[in-house]
Amino acid sequence: MKTLKLTMITSAILAHSVAFADITAITNTTIHTATDNGVLEGATLIIEDGKIKAINPETVTADVTIDGSGKVVTPGFIGSMNQLGLVEVGAVAASRDAGDDEAGVDFDASTAFNPRSSLIAYARKGGITQNLVTPWGGKSEFAGLGFVVDLSGEFNSVTDKQTALVVHLGAKSKGSRAKALDNVVKKLEAQQDKLSKKGDKDDTKPNAEEKVLTQVLAGEMPVIASVSRASDILEVLKLKDKFGLDLIIQGADDAVLVADELAAANVPVILSAVSNLPSSFDSMHAHLENAGKLEKAGVKVILSIGGDGSHNVYQLRFDAGIAVANGMSHEGALKAVTANPAKALGIDGGVIAKGKRADIVMWSADPFEFSTTIDKIWINGEEVSTESRHDKLRDRYTTDSDMPRAYTK
């Protein structure tokens, strides 16, 4: 009875909180929707209960009204293919949780995610509101499972576990790429064969690895294949046909050579807009114009940060601007950091549309311009701070105080 009473009281408090949640209106602003509606000038956006309630309603009733005159509003950006929250200092082994020698198909690093990492707030300053965190795996071709987080900094910020299976193929420092691809094929074939015989005489419960592979074979979980050489990309496209995979290609420096095949197969490509030099014999066609060329060929492009993405997710908007400067359309670049990753990974967000998750960024001007700053940012309808550790350190060492002045004279 006591438990029931407590539950009723808690429910009443929650109901009260929901009933009196602030309704926020952003008025007189320019909205880049990242949808077929394009850009809306002099528009009004209503946020309520974590969702986009309305766009350009006939009447505006709000608790908080923000004049967006001269500002630009976009969906929150979505980062991908990094170890944000799993790696704090790359050179410090004890702060790295993104890999393990025994990692494989079912390696789920989401339990090690640290929402209070100092890198979270810094990434948020770049307009990043959600992110696909991916493990780097271990000895196996199967690196493990990517997961989605928001950048609120709250302890419940892992919003989706086991979002995608990451597979590393292509060039090997030891051994042959042919063996790696064969290992993947055999693993999928074995699970496919087991599923076809299900119920015959096998009543054993599937283990964690088998559950993941079953989802993959059913097309319920995307496979992100990390490959760059054109011939490797074509081999992976064959796997898509053979097993019915929901496939995404990552890396893809040579993707421009097989752009028509990728477009025909409706396979998105995750790449760095600033990859412009061959890092190996697999990436001889790396170029600043690749994102624009793939867009023009009809390939869904997703932009991510190359190199140490954990520490530089903040730079995603600058990379998008570089893609625009080298042939990608402005709308295409915006979708490459919002709508495209959201659709490919099944993430709620990435667009400004009624009923969608309210991950919203208000910018002083074009977000792809270097001098532009964030005025306000909302994650799941809640306004969050743009202050990072960098700002606190700047203030500490440029303001007179009784605290030590570190290395300044």
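A: Domain 1 is made of two stretches, 19-76 and 350-408, while domain 2 covers 77-348. Keep in mind that this is a predicted model. Taken over C-alpha atoms, the centres of the two domains sit 28 Å apart. The contact between them draws 33 residues from domain 1 and 31 residues from domain 2.

How much area is buried between domain 1 and domain 2? It comes to about 2400 Å², and carbon and sulfur atoms account for 63% of that.

Elsewhere in the list of salt bridges you'll find lysine 51 paired with aspartate 348, with 3.1 Å between the closest N and O atoms.

Next, look at the side of domain 1 that touches domain 2. Four elements each bring at least two residues to it: the strands β5 (72-75), β14 (360-363) and β15 (374-379), plus the helix α12 (389-398). β15 gives the largest share, with 4 residues. Sorted by class, this side of domain 1 has 13 nonpolar, 10 polar and 10 charged residues.

**Two spots in loops**

Let's move on to serine 275. You'll find serine 275 in the loop between β12 (269-271) and α7 (290-296). Is serine 275 buried or exposed? Serine 275 counts as buried because its relative accessibility is 18%, and the cut-off for buried is under 20%. Its side chain makes a polar contact, at 2.9 Å, with the side chain of aspartate 253. Setting aside neighbours within four places in sequence, serine 275 is in contact with Asp253, Ala286, His287 and Leu288.

Methionine 221 is our other stop, in the loop between α4 (208-217) and β10 (223-227). With a relative accessible area of 1%, methionine 221 is buried too. Methionine 221 and alanine 164 are 57 residues apart in sequence, yet their C-alpha atoms are 5.5 Å apart in space.

Key: Residues numbered from 1 in each chain as written. Predicted model: local features only at pLDDT ≥ 70, side-chain atom pairs only at ≥ 80, totals over all residues. Heavy atoms only, no water. Domains from an automatic or database assignment. Contact = heavy atoms within 4.5 Å. Buried area = accessible area lost by both parts, 1.4 Å probe. Salt bridge = Lys/Arg side-chain N within 4 Å of Asp/Glu carboxyl O. Nonpolar A, V, L, I, M, F, W, Y, C, P; charged D, E, K, R; others polar. Buried < 20%, exposed > 50% of the residue type's maximum accessible area, 1.4 Å probe, protein only. Polar contact = N/O pair within 3.5 Å; in protein donor to acceptor, adjacent residues only side chain to side chain.
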